[in-house]
Amino acid sequence: MNAVAAMLAGVLFGAGLVLSGMTDPSRVQGFLDLFGDWDPTLAFVMGGALLFNIPAYWLTRRRARPLFAESFEVPTRRDLDARLIGGAVLFGIGWGLAGYCPGPAVVSLLTGSGDVLWFCAAMLIGMLIWDRGFSRRL
């Protein structure tokens, strides 16, 4: 049942990305272009997500346990370390340059666009480099 719930959540998330236009890298880059032709669409998408998720999170946390797991898995660490900040910086640079983050990029693979294919290939190579090298050193 976990796999079915995860797949349904992924399909719903992907559909939301497509319907909101967030699979278009120019939308994201337009949002990040504060001093040019700024596009507020991403802010509205994020705001809409918060309007739904804040009450849903509150209601979910009132449950004794999740529907498809034994317990909730909530992160307990609250500190900021160099790995977290470095990863956020790299993510932000890649997001700004390419206009994609992993979710919209994977959804955009369905278009077969050369740009998204290159982005996903580079993303996978970066993940492999991290997994095979850097993650073991830290």
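## Where aspartate 24 sits

Where is aspartate 24 found? Aspartate 24 falls in a loop, with helix H1 (2–20) on one side and helix H2 (25–32) on the other. The model shown here is predicted.

Is aspartate 24 buried, exposed or partly exposed? Its relative accessibility is 34%. That puts aspartate 24 in the partly exposed class, because the class runs between 20% and 50%. Alanine 122 comes 98 residues away from aspartate 24 along the chain. The C-alpha atoms of these two residues are 18 Å apart.

## The overall fold

The protein chain holds six helices and zero strands. In sequence order the pattern reads α-α-α-α-α-α. The C-alpha trace spans about 45 × 40 × 30 Å along its principal axes.

The chain has 138 residues, and 19% of them are buried. Take the contacts with a separation of 6 or more: 40% of them join residues 24 or more positions apart.

Helix H3 covers residues 41–61, a run of 21 residues. From first C-alpha to last, H3 reaches 30 Å. That is close to the 30 Å expected at 1.5 Å a residue.

H3 also bends. The angle is about 25 degrees, at asparagine 53. Proline 55 follows within four residues.

Helix H4 takes in residues 82–98, 17 residues in total. How far apart are the end C-alpha atoms of H4? They are 24 Å apart. At 1.5 Å a residue the helix should span 24 Å, so the two values agree.

## Serine 108 in helix H5

Serine 108 belongs to helix H5, which covers residues 102–108. Is serine 108 buried or exposed? Serine 108 has a relative accessible area of 4%, so it counts as buried, the cut-off being under 20%.

Which residues does serine 108 touch, leaving aside those up to four places away in sequence? They are Thr23, Tyr100 and Val116.

## Surface and charge

The accessible surface of the protein chain is about 10700 Å². Carbon and sulfur atoms account for 70% of that surface.

The chain carries 11 positive and 10 negative charges. The mean position of the positive charges and that of the negative charges are 13 Å apart.

Terms used:
Residues numbered from 1 in each chain as written. Predicted model: local features only at pLDDT ≥ 70, side-chain atom pairs only at ≥ 80, totals over all residues. Heavy atoms only, no water. Helix = DSSP H or I, 4+ residues; strand = E, 2+ residues; numbered from the N terminus. Expected span 1.5 Å × (residues − 1). Buried < 20%, exposed > 50% of the residue type's maximum accessible area, 1.4 Å probe, protein only. Contact = heavy atoms within 4.5 Å. Areas by Shrake-Rupley, 256 points an atom, 1.4 Å probe, with all protein chains shown as cover. Lys, Arg positive; Asp, Glu negative; His and termini not counted. Charge placed at Lys NZ, Arg CZ, Asp CG, Glu CD. Bend = angle between axes of the 7 residues up to and from the residue.
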